[in-house]
Amino acid sequence: ANKTAKEGTMVKLQAFQIAAREGGFVKVSEVGEGNVLWFRKRTADRTTQTHQRMCIDRLTNSVTVYWMTAPAKVNSKTFRAVAALQEWFKLSQEAIVQR
């Protein structure tokens with residue numbers, strides 16, 4: 001039973017990576033025995049001139065996106081479901097288009 005749980009985790013982590021790339025993120029590094037993958041948004045945010053960062057954590061099976069809202073102010077949001085991450089990307093894209 002344990003093997004299937006591990007395989008399920010791997011599938012989810014791969015799905016998170018695919019969603020990250022579709023959301024405009026590129027992989028920058030692997031940290032801590034490969035438990036954490038860091039991604040960076042290809043394009044900088046227009047208002048803060050900073051790049052969103054994303055951390056895929058294999059231990060907690062989750063993704064956290066970090067972004068600047070103002071100088072020295074960092075915001076973050078954690079996702080445990082791939083669909084929720086994709087939905088958030090879609091909503092943040094729509095918000096940008098509507099500005």
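**Terms and values**

Mentor: In the hairpin of β3 and β4, which has 4 residues between the strands, Asn-61 takes a positive phi near 60°. Please keep in mind that this is a predicted model, in which local features need pLDDT of at least 70 and side-chain atom pairs count only at pLDDT 80 or more, while totals for chains, interfaces and linings use all residues. Residues are numbered from 1 along each chain as its sequence is written, and side-chain values use heavy atoms, with hydrogens and water left out.

Trainee: Which hairpin does β4 form with β5, and how many bridges do they have?

Mentor: β4 and β5 pair in the antiparallel sense over 7 bridges, with Thr-64 opposite Thr-78 in β5. Their hairpin has 2 residues between the strands, and Ala-72 in the turn has a positive phi of about 65°.

Trainee: Why are β1 and β5 called edge strands?

Mentor: The 5 strands form an open sheet in the order β1-β2-β3-β4-β5, with antiparallel pairing. β1 (25-31) and β5 (73-79) each pair on one side only, and that is what the name edge strand refers to.

Trainee: Why is Gln-17 called buried?

Mentor: Buried means under 20% relative accessible area (exposed is over 50%, and partly exposed lies in between, with a 1.4 Å probe and protein chains only). Gln-17 has a relative accessible area of 13%, so it counts as buried. Gln-17 lies in helix α1 (helices are DSSP runs of H or I, at least four residues), and, leaving aside neighbours within four places in sequence, Gln-17 is in contact (heavy atoms within 4.5 Å) with Leu-37, Phe-39 and Ile-56.

Trainee: What makes a set of residues a nonpolar core?

Mentor: The set must consist of buried Ala, Val, Leu, Ile, Met, Phe, Trp, Tyr and Cys residues joined through side-chain atoms within 4.5 Å. The largest such core here has 16 residues, and those with the most contacts inside it are Met-54, Ile-56, Val-65 and Leu-85. α1 (2-22), β2 (36-41), β3 (53-57), β4 (62-70) and α2 (82-98) each supply at least two residues of this core.

Technical notes: Pairing = 2+ DSSP bridges.
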